[in-house]
Amino acid sequence: RFTLSVDAPAQPIAFTVTFHDEFGHTWTDTFEVEVASAGTALEIGHTELSGDSNGDGYLSPGETAEVEVWAKNSGTSKALGTWAELDEYSPHVTVDKCWASSKVYPCTGCSCADNPTLDINPGAEGGNVALGVRFTLSVDAPAQPIAFTVTFHDEFGHTWTDSFEVE
């Protein structure tokens, strides 16, 4: 059993094994293990805006709302132990809280590293919310889409960054 570094090059790893018997004979042989690039590719699957103050499904200046983000694995390998964090957002936004999976799992700041993680099959969306954000839009916000940037992580230390807008 061995652990491969996350930044190991995608090339074969050679091993040498020496066999010994009770008569003092030895034999040496080698073998290689192929190393392939990670086939996981996480991105935003979809987002849902809810809980806007006036309930019309649109974000207006001064409103508080929630947006939930689902991760999608557009790669060819299963994504293991994934979690998300909110990296950037408009200066017209004040973030009140973040959560993962459901509001039962609040995040520290807006990094959900300490929360339950998701395993996501290739070509599929995660079955739970990767990141939820409750925020308030300033009263002087311009009438334009509000951008958010999310970084997804997996248990091997890989990261993927994606953005979305709320209108």
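**Exercise 1. Find which residues E68 is in contact with, leaving aside its neighbours within four places in sequence, and say whether E68 is buried or exposed.**

Step 1. Leaving aside the neighbours within four places in sequence, and taking contact to mean heavy atoms within 4.5 Å, E68 is in contact with H46, T47, E48, W99, V129, L131 and G132. The model is a predicted one, in which local features need pLDDT of at least 70 and side-chain atom pairs count only at pLDDT 80 or more, while totals for chains, interfaces and linings use all residues. Residues are numbered from 1 along each chain as its sequence is written, and side-chain values use heavy atoms, with hydrogens and water left out.

Step 2. E68 lies in strand β4, residues 64-73, where helices (H or I, at least four residues) and strands (E, at least two) are DSSP runs numbered from the N terminus.

Step 3. E68 counts as buried because its relative accessibility is 17%; buried means under 20% relative accessible area, exposed over 50%, and partly exposed in between, with a 1.4 Å probe and protein chains only.

Step 4. One of the contact partners, W99, also has a side chain joined to that of E68 by a polar contact of 3.4 Å. A polar contact is a pair of N or O atoms within 3.5 Å; within protein, one must be able to donate a hydrogen and the other to accept it, and residues adjacent in sequence count only if both atoms are side-chain atoms.

**Exercise 2. Describe where T40 lies and what its side chain reaches.**

Step 1. T40 is placed in the loop between β2 (26-33) and β3 (42-50).

Step 2. Although T40 belongs to a loop, it counts as buried, because its relative accessibility is 10%.

Step 3. The side chain of T40 reaches the backbone oxygen of S77 at 3.4 Å. S77 is also among the residues in contact with T40 once neighbours within four places in sequence are left aside, and the others are N73, G75, K78, A79 and W160.

**Exercise 3. Work out how many disulfides the structure holds, and how the bonded cysteines are paired.**

Step 1. A disulfide is a pair of cysteine sulfur atoms within 2.5 Å, and the structure holds two of them.

Step 2. C98 and C110 form a disulfide with their sulfur atoms 1.7 Å apart. This pair links distant parts of the chain, twelve residues apart, with C98 in strand β6 (residues 93-101) and C110 in the loop between β7 (105-106) and β8 (118-120). The torsion about the S-S bond of C98 and C110 is about 70 degrees, and therefore the disulfide is right-handed.

Step 3. C107 is joined to C112 by a disulfide, S to S 1.8 Å, and this link is also right-handed, with 90 degrees about the S-S bond.

Step 4. C98 is buried at a relative accessible area of 3%, and C110 counts as buried at 15% relative accessibility; C107 is buried with a relative accessible area of 12%, and C112 counts as buried at 1%.

Step 5. When the bonded cysteines of the protein are numbered in sequence order, the pairing is 1-3, 2-4.

**Exercise 4. Determine the volume of the largest cavity, and which residues line it.**

Step 1. Rolling a probe the size of a water molecule over the atoms shows where empty space is left. On a 1 Å grid over the protein atoms alone, a cavity is a set of points where a 1.4 Å probe fits but cannot get out, a pocket is an open set with protein on both sides within 12 Å along at least five of seven lines, and lining residues have an atom within 4 Å of a point. Grid points are joined across faces, edges and corners, and a volume is the space filled by probe spheres set on the points.

Step 2. The largest cavity has a volume of about 50 Å³, and its lining is made by T82, W83, A84, A100, S101, P116, T117, L118, V129 and A130.

Step 3. β5 (79-89), β6 and β9 (129-137) each supply at least two residues of this lining, and the largest share, three residues, comes from β5.
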